[in-house]
Amino acid sequence: MSKVQGNIVNTPNQSPGGDIATSARTNSLEDELLQLIARQSKRVPIAAFLAALVIAYFIADHVSNLLAGIWLAIVGLVLTLRFVVLPRLPTLTQLSHTKRIQIATGLSFLNGLVFAASLLAFNHLPELERAIHSVILVALSTGAVATTAGYKPLFLSYMLPAFIGMVPLWIFSPGLPTAGFKEVALGLLILMFGAILTGLALDAWRVFKESFNIRSEVLKLNEKLSNALRDAEAANNAKTRFLASASHDLRQPIHTLSLFGAALSMRQLDGQTREIADHLNLALQNLATQLDSLLDISKLDAGVMDKNLTVVNLSNMILNLEEEYRRVCEQKNLQLKCGLSAGLPSIETDASLLERILRNLISNAIKYTDEGTIYLSCNREQGHLVIRISDTGRGISTHEQRNIFEEFYQVDNPERDRSKGLGLGLSIVKRLTDMLNIKLEMESTFGKGSEFKLLIPKNIEIENQIQLTPQDDCIARPANADRILVIDDEKLVRAGMKTLLTTMGYTVDLCESTREAVELARKNPPCLILADLRLRGMDNGIDSIHAIREFLPGVPAVLISGDTAPNRLKGAQLAGIKMLHKPVDINELRNCILTMGSEGTMTTHPEDVRASA
């Protein structure tokens with residue numbers, strides 16, 4: 001290990017290459033100095049050679065053209081050597097840092113020595129030209145402070161030859177006819193300026209080192225932050241995958257239970273059995289609601305939850321919610337007060353998502369208020385529509401306020417009571433407000449209550465009311481929608497679907513793979529396909545539907561899945577196939593079958609398909 005000027009520690013050589021961050025991280029102080037020398041070596045030669053031309057002109061005019069030409073040629077040779085060698089030093093990694101810096105120092109000394117050699121003609125120059133000559137040498141030494149970063153061996157190796165020659169020549173003025181106070185004073189001034197330049201060089205080197213250390217620390221910190229970000233993203237992806245897998249695995253048996261439960265409810269039952277069936281279906285419905293919250297988080301993270309923009313009458317929506325939740329408040333002996341400004345405009349947004357945001361906030365206010373009042377209002381404030389949901393409830397402590405929008409975080413449920421939900425409500429609210437471009441603000445004081453504000457962007461307001469024609473939800477079952485093909489790799493799910501659909505009056509064909517589905521569809525063309533998204537192995541419901549549509553174009557199809565993985569949800573959306581999520585609500589399934597069956601038309605007759613098979 002060697003030490004240069006007590007400041008640069010020789011470190012192992014680094015091979016070139018690698019990404020920028022790695023290169024910056026592995027660079028040493030010596031590397032930085034060598035790179036600076038390489039950069040400056042391309043900028044200095046022209047200015048230095050022009051200065052040498054001026055000096056050569058003085059020498060030629062008073063000494064000899066030949067000597068001036070020889071000296072100028074030597075200067076050009078040294079500057080060319082520096083121009084060729086110095087830029088290559090950072091890449092000569094076969095040499096140690098110390099050796100390369102010694103080469104740079106040697107070339108700097110040679111350059112300084114060559115320029116100092118011009119002082120041999122000093123006594124032959126007139127007084128004015130001696131002064132200009134000295135100014136040029138001092139100026140070049142001043143520039144060396146920057147070109148060497150003030151690194152003492154490099155700087156002094158260039159400066160000292162010139163100053164060691166100039167100072168005695170001015171002070172003692174050997175061979176000059178006149179020498180007095182003026183010459184001595186000028187010599188002392190040059191000596192003092194040399195000392196000042198040396199001090200500036202030391203300061204420049206200190207700043208250079210500090211800058212390098214700061215940049216090194218910043219790079220290390222950036223690397224740590226990048227690693228932390230990667231770890232956080234990996235953890236978040238792992239969480240999403242875990243939730244997707246857990247959700248899928250849980251939805252399968254719940255979906256099966258809901259199918260059998262729905263089929264049971266459709267049968268003639270005695271009173272006691274009917275009560276058991278109702279409780280069973282209610283428990284399944286509550287469990288499905290909690291799983292749907294997990295699904296919503298995955299859909300929002302995947303970016304597959306679409307906005308259905310419609311004209312929304314805010315006054316009507318809020319008044320309807322007031323009417324609905326007033327009865328809930330009365331059951332807890334709470335007051336619900338509603339205040340609306342006159343002439344509120346309609347807005348263009350997703351009505352169901354906005355209503356879901358409001359329902360969640362109102363439900364939370366009721367849940368965490370034991371006595372007092374719930375306030376619901378919508379007013380124009382400072383030119384913006386503001387919806388407020390406030391309460392006189394328990395409030396949220398300051399240290400918990402930053403966590404309430406995180407998944408699974410609940411302020412008052414350390415025992416994880418399932419009846420209080422999963423802690424996803426506000427997390428979903430935050431994502432939905434971001435999706436609708438609504439600003440969400442919260443103020444809360446522990447023990448006094450909370451207030452949530454929704455700031456509606458002005459650009460979605462609609463001045464002129466648009467009358468919407470309600471659609472008729474009554475859909476008659478088409479006569480030809482009597483055969484449904486069910487594709488699912490779970491035996492119990494297939495059995496449950498057949499029990500339910502048969503009870504509903506449909507003819508049902510069951511299969512567990514794309515190959516079986518194609519064979520059944522060729523034999524008995526379905527009017528509707530209900531396919532599980534994830535089948536065994538690499539098989540999936542999307543491929544099954546596409547394969548059947550090759551010979552039954554336009555056949556209606558619905559994907560049914562318990563999968564919540566964002567990439568799978570995205571893939572299903574890109575396929576353009578309607579999807580229901582397990583456990584499927586029976587009324588939703590019935591309406592979907594009726595709707596899809598009425599929209600789809602068979603373009604190939606069953607006889608033609610059997611013939612082609």
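Q: Why is C338 called partly exposed?
A: Its relative accessibility is 28%, and partly exposed is the range between buried (under 20% relative accessible area) and exposed (over 50%), with a 1.4 Å probe and protein chains only. So C338 lands in the middle class. By the way, this is a predicted model, where local features need pLDDT of at least 70 and side-chain atom pairs count only at pLDDT 80 or more, while totals for chains, interfaces and linings use all residues. Residues are numbered from 1 along each chain as its sequence is written, and side-chain values use heavy atoms, leaving out hydrogens and water.

Q: What makes C592 buried or exposed?
A: Its relative accessibility is 6%, so C592 counts as buried.

Q: Why is L189 called partly exposed?
A: L189 comes in at 49% relative accessibility, so it gets that label. You'll find L189 in helix α8, residues 181–265 (helices are DSSP runs of H or I with at least four residues, numbered from the N terminus).

Q: How do you know that the buried residues of α15 line one face of the helix?
A: In α15 (residues 514–523), the buried ones are T514, A517, V518 and A521. Seen down the axis, they fall within an arc of 100° (taken from the directions from the helix axis to the C-beta atoms), so they line one face. Turned away from that buried side are the exposed residues R515 and K523.

Terms used
Helix = DSSP H or I, 4+ residues; strand = E, 2+ residues; numbered from the N terminus.
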